[in-house]
Amino acid sequence: VKKRRVRLHVFVHKAEELAGDGFLDKLDPYALVKLGSDKRFQTPVAWNAGRNVSWDYISKFKYENEEELDIVIMDRDTLSEDALCGVVSVPLAAVPDAGWDKVWVKLKRPKTIFFGGDTGLEEFAGRVQVSLRWDLEAPPASKRPPREQLFRDIRLFDLEERSAFGHEQVVLSVDFRHLVERTVEELPYVIKIVGPLRFVADGKRGSSTDEVCTVWKIAGGRFKNFLQQTGRTTRFVKECNVDLRMRTKAAQKVCAGIWKKWSNELFREECMKMRRGIDMNNEENYWNPNIFMVQYRGTKCSVVVKNGINLPDGGLFDKLDPYAVLRFRNSKSAFKTSVLEDAGGEPLWNCEGELLYNGEPELRIQVFDHNRYTDDQLVAEGSLHVGSFYEGYNGMVSLQCPATKKSIFRKKKPMSIVISIDWPSEPTCKPQNYEEVPTSTFGGTLRLDPAFGPLSGG
């Protein structure tokens with residue numbers, strides 16, 4: 001099975017020969033990387049770095065068949081809009097599964113004339129060094145839970161008078177139970193016979209209830225010795241093959257009848273669902289935020305808080321000492337980054353940790369300014385809905401300044417924070433009444449109880 005691309009790791013190493021550097025004002029460059037319309041991350045600003053800058057910044061995206069990766073280099077300006085240094089679009093079809101290792105790509109920007117007019121042409125604007133690495137995975141198993149039905153007291157076959165059962169296993173070394181399980185492969189279900197078989201002797205059908213049934217039992221080793229001494233082993237093997245085929249066909253016919261009855265019930269159920277406007281074949285109906293909130297209750301997720309973007313710098317004599325706090329709404333469990341003293345508005349944390357999830361619909365993010373002698377002040381806050389993080393998240397989250405805060409914390413430019421959230425492939429804690437069922441490519445699972453009968457004969 002060909003593996004598919006599920007995640008793209010992006011390493012932004014450095015840039016050289018960037019355009020826009022002035023004699024009195026050196027470039028303050030940062031890189032903005034975008035995948036599609038809503039996936040993006042931003043490196044920290046390299047203050048006064050000039051035309052040659054090094055970031056060594058790492059992030060990753062969930063890949064959903066996007067065609068291009070956009071890399072935009074900007075010059076941070078505190079008094080006006082940030083200026084464009086250069087941009088490049090990388091076609092992902094040209095990136096092999098092995099990825100790229102420190103590849104230089106050329107940047108371009110619109111060519112302007114002396115008074116700032118646009119000529120409609122493009123000019124060389126430097127180059128940026130990036131590495132790209134794919135995470136390849138086999139196509140995932142469906143999150144749709146397999147259907148399962150338990151049938152009790154199923155009559156598989158009847159034993160005629162003076163007939164035997166069990167000799168097939170002794171002579172042919174086959175298990176009748178496993179043979180029946182393998183003979184239904186052409187049907188859209190998996191059969192599982194649980195436990196030992198049970199045989200009930202009750203006489204022939206339609207006979208009087210006081211009829212006597214005699215059952216003989218013999219050990220397998222003595223039976224083999226008997227065949228060897230009589231010299232009829234070969235003939236008996238042929239008879240065993242015939243008996244085994246007849247009984248497996250009878251059992252298969254019974255299972256097919258059960259499946260037909262069950263499929264009719266499923267068909268009526270799906271018709272009712274379709275009448276209510278639910279597409280039963282749509283995977284989203286079986287894996288969505290509501291199901292996630294139930295199944296992943298009690299599971300810990302991995303959280304990485306990378307950096308803040310365009311946060312307030314702080315006061316005139318006291319730069320911002322920021323730290324971030326993440327917690328699910330109304331949860332007592334929280335993750336707190338380290339405090340970065342005098343980091344200003346572009347902090348780089350790169351702090352990793354875990355958060356316990358208990359079915360909350362929202363993740364809340366707060367950035368505080370640490371004060372040594374007074375209470376810490378809330379600088380910015382934001383939130384992420386479960387619909388955005390239930391399959392993992394990696395990117396920027398918009399932040400807003402609290403309405404009650406002082407003017408030093410107000411910013412005209414949008415603030416954001418770069419985080420990532422990863423979930424384990426399976427929930428840590430299983431929901432109540434959870435039972436493992438066999439997985440397969442078939443449409444359901446049929447379980448037959450070990451209580452078979454009544455079976456006539458001896």
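Analyst: Of the 458 residues in the protein, 40% are buried. Buried means under 20% relative accessible area, exposed means over 50%, and partly exposed lies in between (1.4 Å probe, protein chains only). This is a predicted model: local features need pLDDT of at least 70, side-chain atom pairs count only at pLDDT 80 or more, and totals for chains, interfaces and linings use all residues. Residues are numbered from 1 along each chain as its sequence is written, and side-chain values use heavy atoms, with hydrogens and water left out.

The accessible surface comes to about 27,200 Å². Carbon and sulfur atoms hold 50% of that surface. The areas come from the Shrake-Rupley method with a 1.4 Å probe; for residues, only the protein chains shown count as cover.

The protein has six helices and 19 strands. Both are DSSP runs numbered from the N terminus: helices are H or I with at least four residues, strands are E with at least two. Take contacts, meaning heavy atoms within 4.5 Å, between residues at least 6 apart in sequence. Of these, 69% join residues at least 24 apart.

Now the salt bridges. Side chains of opposite charge can pair when their charged atoms come close. The rule used here asks for a side-chain nitrogen of Lys or Arg within 4 Å of a carboxyl oxygen of Asp or Glu. By that rule the count is 15 salt bridges.

Start with Lys-39 and Glu-64. Their closest N and O atoms are 2.9 Å apart. Lys-39 sits in strand 3 (residues 39-42), while Glu-64 sits in the loop between strand 4 (53-62) and strand 5 (68-75), so the bridge ties together parts that are 25 residues apart in sequence. Lys-39 is buried at 13% relative accessible area. Glu-64 is partly exposed at 45%.

Next comes Asp-135 with Arg-133. The closest N and O atoms in this salt bridge are 3.3 Å apart. Asp-135 is buried, with 17% relative accessibility. Arg-133 is partly exposed, with 38%.

Glu-362 and Arg-364 also form a salt bridge, with 3.1 Å between the closest N and O atoms. Glu-362 is buried at 17%. Arg-364 is partly exposed at 41%. Salt bridges can also link up through shared partners: Lys-39, Lys-62, Glu-64, Glu-66 and Glu-391 are joined into one network in this way.

What about covalent links? A disulfide is a covalent bond between the sulfur atoms of two cysteines. The test is a pair of cysteine sulfur atoms within 2.5 Å. A search of the whole structure finds zero. Among the cysteines, Cys-85 is buried at 2% relative accessible area. Cys-240 is buried too, at 0%.

Most residues other than glycine have a negative phi. Asp-56 is not a glycine, yet its phi is positive, about 55 degrees. Asp-56 lies in strand 4 and is exposed, with 54% relative accessibility. Asn-350 is not a glycine either, and its phi is also positive at about 55 degrees. Asn-350 belongs to strand 14 (residues 348-357). At 45% relative accessibility, Asn-350 is partly exposed.
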